[in-house]
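Hello,

Here is the structure I promised to hand over. Please open it first, then read the notes below.

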Amino acid sequence: MQKPNSELDDLTSLKSAAVELLARRDYSRHELTRKLSPRTTQPQLLQQVLDELVEKGWQSDQRFAQLYARSRCQRGHGPMRIRQDMRQKGLADTLISQTLESLDIDWFELAHEAAQKKINSLANDPKWREKLYRFLGYRGFLSEQIQVAIEQVQQQSERSY
């Protein structure tokens, strides 16, 4: 049974499609496989192309993991959310752990910054602590990080009065 859109059944066109994707941004190997496999009837050819891209250094899960983790930190996401998102991108748990450990991030400070940004929209809400806790939890911060951030925000608001 032939797959739809199977226009990439030769090595050159499959490699061109993969390089075209990588020219826009980095992808994990899993993502590239997911994007390109519906477009070919030869999965072994796809794996050959991906192996070649890795050998040439054009695709690297390690590089992708570093870039992805840093971009998520800049968005104010915590370690648990980043770990979960990276798993969904098909990265190995060992690579994810190594990447998160190699980041020079103070997760407590990042949680505090995210709380500071969110607190303005919760200023007059009597349940602001609960809402802020849920927000930071959704962002992927650990309970201890959230509690410290909420305490810091509360202390700052008390000082401003």
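**How H1 meets H3**

The axes of helix H1 (residues 11–24) and helix H3 (residues 43–55) come within 10 Å and cross at roughly 50°. Helices here are DSSP runs (H or I, at least four residues), numbered from the N terminus. Axes are lines fitted to C-alpha atoms over the stretch in contact, with angles from 0 to 180 degrees between N-to-C directions.

H1 brings Leu 11, Leu 14, Lys 15, Ala 18, Val 19 and Leu 22 to the contact (heavy atoms within 4.5 Å). H3 brings Leu 45, Leu 46, Gln 48, Val 49, Glu 52 and Leu 53.

This is a predicted model: local features need pLDDT of at least 70, side-chain atom pairs count only at pLDDT 80 or more, and totals for chains, interfaces and linings use all residues. Residues are numbered from 1 along each chain as its sequence is written, and side-chain values use heavy atoms, without hydrogens and water.

**The cores**

The largest nonpolar core has 28 residues. Such a core joins buried Ala, Val, Leu, Ile, Met, Phe, Trp, Tyr and Cys residues through side-chain atoms within 4.5 Å. Buried means under 20% relative accessible area (1.4 Å probe, protein chains only). Met 86, Trp 107, Leu 132, Leu 136 and Phe 141 have the most contacts inside this core. Helix H7 (107–119) is one of the elements giving two or more residues to this core. H7 gives the most, with six residues.

A second, separate core has 13 residues, including Leu 32, Leu 45, Leu 46 and Leu 53.

Best wishes

Note on methods. Buried means under 20% relative accessible area, exposed over 50%, partly exposed in between (1.4 Å probe, protein chains only).
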